[in-house]
Amino acid sequence: MFRGSEADGIALGTYDVSEPTFVSFWNNTDYFWNGTNYMPQFATYPLRNVYSFYACAGSPSKLLFRFAGASGAVALGIPPQPGHLRLALIVGRPDNATQRFPIRAVPVMQTSPHASLRSSFTRGQYRQASKEIVAPSVLATPYENCFVSPPPTGVDTWCFDPIQKRRGLLWGDIAQPIYWSTSAGAGDGPDVDSVPLPVFSSATPRDGGEIKFNDAGALQNCPSQPASAPEDEGKIQMREEQAILGLP
């Protein structure tokens, strides 16, 4: 709602957005991906703190959050109680059935090598019933992915996209582990629960840091990792643009 200069003059507009959509990142450096399997950490790919961390979104990718590491204060500590960051985003309704919103993780270790850049994708969380009051039986049988496949008309429904659980803990609509890949060719490993990797008993939440999306002026570009390979970042950017355009 906007109030203009005329007496009692207002303008009203609406914009269809998702429910708060939680995205989570955690230190998963107790395992690394060698292109074929997840392997336990060792000297070349060690268990290591994520010293600083940046979260970015969109295409082109813009900075949402940063935590600059300092002595005695790292962004994401090591497992078995890994440091984790959870952010809540509100994204616009997808323009088509395949559009996704990219979220980029930029971990920085105190010394190289740095854990790999990762992008994850969401369509936004959708939690809404077809009526103000619905029967308990409707709530007990939620309908998933309403943004992709709208529920049938004339039937009471409860749209509810579940929170993702990985390694024994609940994370969010996006559950993004931070880990090493042995090379750019190794790419991203599969879902950590497809192996599965050992469960965590708990995690250590990261508070503090700086929210950057509401800074005055233009949004900052997503920062690069120190000494990151340009071809690696280029591949990430292409995947993000593909998602935001809704290309398969």
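**Reading the disulfides and a sheet**

The S-S bond of C56 and C222 has a torsion of about 80 degrees, so this disulfide is right-handed. Keep in mind that we're looking at a predicted model.

Me: Where in the fold do C56 and C222 sit, and what does their pairing tie together?

Reply: C56 belongs to strand β6 (residues 52-57), while C222 is in the loop between β17 (210-211) and α2 (230-244), so the bond ties together parts that are 166 residues apart in sequence. As for the geometry, the two sulfur atoms are 2.1 Å apart.

Me: Are C56 and C222 buried or exposed?

Reply: Go by relative accessible area, where under 20% means buried. C56 comes out at 0%, so it counts as buried. C222 has 10%, so it is buried too.

Me: How many disulfides does a search of the whole structure find?

Reply: Two. Besides the C56 to C222 bond, there's one joining C146 to C159, with an S to S distance of 2.0 Å. Its S-S torsion is about -95 degrees, so this one is left-handed. C146 is in the loop between α1 (136-139) and β12 (158-160), and C159 is in strand β12 itself, so this bond ties together parts 13 residues apart in sequence. C146 has a relative accessible area of 1%, so it's buried, and C159, at 3%, is buried as well.

Me: What pattern do the disulfides follow along the chain?

Reply: Count the bonded cysteines along the chain, then write down who pairs with whom. Here that gives 1-4, 2-3.

Me: Okay, on to sheets. How do strands of a sheet pair?

Reply: They pair through backbone hydrogen bonds, and the pairing can be parallel or antiparallel. In this model, take the open sheet of four strands: its order is β15-β3-β8-β16, and the pairing is mixed.

Methods
Residues are numbered from 1 along each chain as its sequence is written. This is a predicted model: local features need pLDDT of at least 70, side-chain atom pairs count only at pLDDT 80 or more; totals for chains, interfaces and linings use all residues. Side-chain values use heavy atoms; hydrogens and water are left out. Two strands pair if DSSP finds at least two bridges between them. Helices (H or I, at least four residues) and strands (E, at least two) are DSSP runs, numbered from the N terminus. A disulfide is a pair of cysteine sulfur atoms within 2.5 Å. Buried means under 20% relative accessible area, exposed over 50%, partly exposed in between (1.4 Å probe, protein chains only).
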